[in-house]
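I set out to record what could be looked up in this structure, entry by entry. The entries cover strands, aromatic rings and salt bridges.

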Amino acid sequence: MPLPLFQVDAFASGPFTGNPAGVVPLDGPADAGWMQSVAMEMNLAETAFFYPEGDGYRLRWFTPTVEVELCGHATLASAHVLYETGRLGPSDEARFDTASGRLTVRAEPIPGEGGMRLVMDFPATPPTEVPAPEGLAEALGVEPVWTGQSRGNIVAELPDDATVRALAPDLHALGALDTAGVVVTARADEGRGYDFVSRYFAPALGVPEDPVTGSAHCKLAPYWAAKLGRDALTGYQASARGGLVGLRVRGDRVDLIGQAVTVFEGKLLV
């Protein structure tokens, strides 16, 4: 029986920006091997699968090679599909039960602009300072000024905005490190309209560079909130596609705020 299939650009200012995610709404549980095969076929950073469960939806995320425990942009994309297709009304809350616990998403007006944006309630996962892993500086091509670890990822602060943007790491060497991925970040140059920049590399997960990464901002939001002394921030992920992520730190939770747009809708025939 054919299944609906969507490709949604998340944390996007318009089509072909932000981070594309596959979204497959299901009627019930599906075989993990089949979901992994669909994600490999989609060949996007993540493909999300959800189905009704309890008072919300069960949600799982797959890269082309593995299932992951937390994914921001594919959660945003999934909520966008629920609202856009009328499965949820504008005032309804999207509730997802996941490997990282319950995640919720709500729609809110964009101040002063009209239109709507989505606000995701995610766990804050601040990095804990650790020595730089052996080989990290060589793989990045630059010496970090600070390194930490959070949920199997390395977070590395680099000297400045320009260094983050110009970075051309050795992806093979990064993939050989004992980490799921590496988040690099720096304070944004003045006048850019956002507080910090970042990029995320996860070749070990089959994602050489992720365009815009919600889960990385669960780490970056509390880190930069502590450094800058305020809880409301905006991050820019400086990949080739790029994307803005609005952030509000609330103790052990963080709001990730962004927009999404459906690029295409089709049918999954197998």
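My entries on the structure follow.

**Basis.** I worked from a predicted model, in which local features need pLDDT of at least 70 and side-chain atom pairs count only at pLDDT 80 or more, while totals for chains, interfaces and linings use all residues. Residues are numbered from 1 along each chain as its sequence is written, and side-chain values use heavy atoms, with hydrogens and water left out.

**Strand E2.** I took helices (H or I, at least four residues) and strands (E, at least two) as DSSP runs, numbered from the N terminus. I called a residue buried under 20% relative accessible area, exposed over 50% and partly exposed in between (1.4 Å probe, protein chains only). For strand E2 (residues 19–25), I found seven of its seven residues buried. Asn19, Ala21, Val23 and Pro25 point one way, and Pro20, Gly22 and Val24 point the other way.

I then looked up the neighbours of E2, counting two strands as paired if DSSP finds at least two bridges between them. Strand E1 (residues 3–10) runs antiparallel to E2 and is joined to it by five bridges; phenylalanine 6 stands opposite valine 23. Strand E3 (residues 47–53) pairs with E2 in the parallel sense over four bridges, and there threonine 47 is the bridge partner of glycine 22.

**Loop between E1 and E2.** I located phenylalanine 16 in this loop. Phenylalanine 16 counts as exposed because its relative accessibility is 62%.

**Aromatic rings.** I paired rings of Phe, Tyr and Trp (its six-membered ring) if their centres lie within 6.5 Å; planes under 30 degrees apart count as stacked, over 60 as edge-to-face and the rest as tilted. The structure holds nine aromatic pairs. One of them, tryptophan 146 with tyrosine 223, is tilted, at 4.7 Å centre to centre and 35° between the planes. Tryptophan 146 lies in strand E10 (residues 146–150) and tyrosine 223 in helix H6 (residues 214–228), so the pair ties together parts that are 77 residues apart in sequence. Both tryptophan 146 and tyrosine 223 are buried.

**From Phe196 onward.** Phenylalanine 196 has glycine 235 in E15 as its bridge partner. Strand E13 (residues 196–202) and strand E15 (residues 232–237) run parallel, joined by three bridges. E15 also pairs with strand E16 (residues 243–250), in the antiparallel sense and over six bridges. I noted tyrosine 236 opposite leucine 244 in E16.

**Salt bridges.** I counted a side-chain nitrogen of Lys or Arg within 4 Å of a carboxyl oxygen of Asp or Glu, and the count comes to 20 salt bridges. Which residue does arginine 253 meet in a salt bridge? The partner is aspartate 121, with the closest N and O atoms 2.9 Å apart. Arginine 253 lies in strand E17 (residues 253–258) and aspartate 121 in strand E8 (residues 116–123), so the pair ties together parts that are 132 residues apart in sequence. Arginine 253 counts as partly exposed at 21% relative accessibility, and aspartate 121 as buried at 19%.

Glutamate 157 and lysine 227 meet in a further salt bridge (3.2 Å, N to O). This pair links glutamate 157 in strand E11 (residues 153–157) to lysine 227 in helix H6, 70 residues apart. Glutamate 157 is buried at 10% relative accessible area, whereas lysine 227 is partly exposed at 46%. Lastly, I noted one network of salt bridges with shared partners, made of Arg106, Glu108, Arg117, Asp121, Arg248, Arg250, Arg253 and Asp255.
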